[in-house]
Amino acid sequence: MSHDVTLLTIGMVMGLGALGGMFGAMLGLGGGVFLVPLLTLGFGLPFRQAAGIGLMTVIATSSVVSAQRAGDGTINLRLGIVLEIATTLGGLAGGLTALWLSQRTLRIMFGLVALGIAGVMFSQMNKRNALPEGDTDTGWLGGQFYSTERGRMAPYRVRRLPLALGMSFIAGNVSGLLGIGGGILKVPVLTSWCGVPLRVAATTSSLMIGVTAAASAPIYYAAGEILPQYAAASVLGVMIGTRAGFWVADRTKVAGLKIMLGCVLIFAALMMLVRA
């Protein structure tokens with residue numbers, strides 16, 4: 001199937017890439033939740049081609065965010081490696097899930113779970129995960145970062161690790177089957193139940209989704225599913241969007257970021273339920 005690529009098309013794809021990059025920098029999402037459905041519905045691309053372009057956007061977002069945030073304490077490498085193991089196993093189990101559950105069932109399950117998580121996010125708007133002053137026991141997976149809101153280092157401790165591992169497994173499973181990034185599930189769960197501050201969860205998620213996407217992208221490229229013009233335009237958009245995302249994130253309070261994340265969850269949930 002051929003697609004006419006005009007300057008207007010390139011500009012619109014760049015805009016979508018910028019949107020994905022902006023949310024990746026702010027909330028740790030890969031942008032596939034916006035890019036894939038809009039490329040399929042708005043530009044008529046087959047799902048696999050849209051997913052392949054989405055993967056390139058995720059890799060670009062992850063690279064820029066990781067490079068920019070390295071050294072400020074918001075990337076928890078130990079936690080990211082541990083959760084990435086569960087995410088990878090979830091992705092490998094996708095073949096079995098595809099045999100047991102239809103995509104319609106998965107979309108309904110994802111939509112209902114995402115709506116539930118969004119409700120929890122809104123109910124915990126003012127909750128902060130940093131440990132109280134004087135408590136420096138961060139455990140083997142915790143850490144600390146400089147909080148501009150508190151004006152001091154903010155230590156935190158990771159709690160309910162089995163829940164984080166379970167959700168990472170599910171995120172890896174559905175991300176491959178539904179063409180969305182796992183960050184949209186991992187970030188709110190880490191923030192709401194596992195004691196990880198939102199800024200740390202978002203940046204660590206950006207690192208993880210890049211690793212996951214880098215493992216899948218060669219498969220799509222070898223199959224000819226990554227269109228160079230669209231991929232290049234979306235990556236250029238990411239470069240612009242991530243800068244904007246950093247600027248907004250540094251000037252937005254955690255409560256504001258939680259509202260944005262909750263709204264994205266509701267958007268993704270409704271989109272999945274409608275498509276189901």
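These legends describe close-up views of a predicted model.

**View 1. The aromatic pair of Phe43 and Tyr230.** The model has 1 aromatic pair. Phe43 sits in the loop between α2 (32–42) and α3 (47–69), while Tyr230 belongs to helix α10 (residues 228–250), so the pair ties together parts that are 187 residues apart in sequence. Both Phe43 and Tyr230 are buried.

**View 2. A nonpolar patch on the surface.** The patch is formed by Leu77, Ile81, Ile85, Leu89, Leu92, Phe169 and Ile170. Together these residues have about 690 Å² of accessible area. At least two residues of the patch come from each of α4 (77–92) and α7 (161–178). Helix α4 gives the most, with 5 residues.

**View 3. Phe169 in the nonpolar patch.** Phe169 is located in helix α7. The relative accessible area of Phe169 is 34%, so this residue counts as partly exposed. Among the other members of the patch are Ile170 and Leu89.

**View 4. Two cysteines, Cys194 and Cys263.** The structure contains 0 disulfides. Is Cys194 buried or exposed? Cys194 is buried, because its relative accessibility is 0%. Cys263, by contrast, is partly exposed, with a relative accessible area of 43%.

Notes: Residues numbered from 1 in each chain as written. Predicted model: local features only at pLDDT ≥ 70, side-chain atom pairs only at ≥ 80, totals over all residues. Heavy atoms only, no water. Phe/Tyr/Trp six-rings, centres within 6.5 Å; stacked < 30°, edge-to-face > 60°. Helix = DSSP H or I, 4+ residues; strand = E, 2+ residues; numbered from the N terminus. Buried < 20%, exposed > 50% of the residue type's maximum accessible area, 1.4 Å probe, protein only. Patch = residues over 30% accessible without salt bridge, like charges linked within 9 Å, V, L, I, M, F, W, Y side chains within 5 Å. Areas by Shrake-Rupley, 256 points an atom, 1.4 Å probe, with all protein chains shown as cover. Salt bridge = Lys/Arg side-chain N within 4 Å of Asp/Glu carboxyl O. Disulfide = S-S within 2.5 Å.
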